[in-house]
Amino acid sequence: MSFNAGDTVQLKSGGEIMTIEEIDDDSATCIWFDNKKVERHTFLLITLKIVE
């Protein structure tokens with residue numbers, strides 16, 4: 001599966017819907033809102049799935 005910056009994703013195990021901010025070799029930095037606070041974390045690409 002190919003990911004791009006701006007894609008909407010979710011962890012395969014569930015959780016918040018996130019937006020990919022930046023992609024490195026095997027990981028993606030994602031952002032999402034927790035109430036009104038912006039959260040940011042880097043996840044391995046193999047743990048993510050595209051959300052349509």
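Which residues does Phe 43 touch, not counting residues up to four places away in sequence? In this predicted model, the partners of Phe 43 are Leu 11, Met 18, Asp 26, Ser 27, Ala 28, Cys 30, Trp 32 and Leu 48. Phe 43 also belongs to the largest nonpolar core.

**The core**

- Ten residues make up the largest nonpolar core.
- Its members are Phe 3, Val 9, Met 18, Ile 20, Ala 28, Cys 30, Trp 32, Phe 43, Leu 45 and Leu 48.
- Two elements give two or more residues to this core: strand E2 (18–23) and strand E3 (27–34).
- E3 supplies the largest share, with three residues.

**Asp 24**

- Asp 24 sits in the loop between E2 and E3.
- Thr 42 is 18 residues from Asp 24 along the chain, and their C-alpha atoms are separated by 9.6 Å.

**Ser 2**

- Ser 2 is found in the segment before strand E1 (8–11).
- With a relative accessibility of 58%, Ser 2 passes the 50% cut-off, so Ser 2 counts as exposed.
- Ser 2 and Leu 45 are 43 residues apart along the chain, with 9.2 Å separating their C-alpha atoms.
- Leu 45 is one of the residues in the largest nonpolar core.

Conventions:
Residues are numbered from 1 along each chain as its sequence is written. This is a predicted model: local features need pLDDT of at least 70, side-chain atom pairs count only at pLDDT 80 or more; totals for chains, interfaces and linings use all residues. Side-chain values use heavy atoms; hydrogens and water are left out. A nonpolar core is a set of buried Ala, Val, Leu, Ile, Met, Phe, Trp, Tyr and Cys residues joined through side-chain atoms within 4.5 Å. Buried means under 20% relative accessible area, exposed over 50%, partly exposed in between (1.4 Å probe, protein chains only). Helices (H or I, at least four residues) and strands (E, at least two) are DSSP runs, numbered from the N terminus. Contact means heavy atoms within 4.5 Å.
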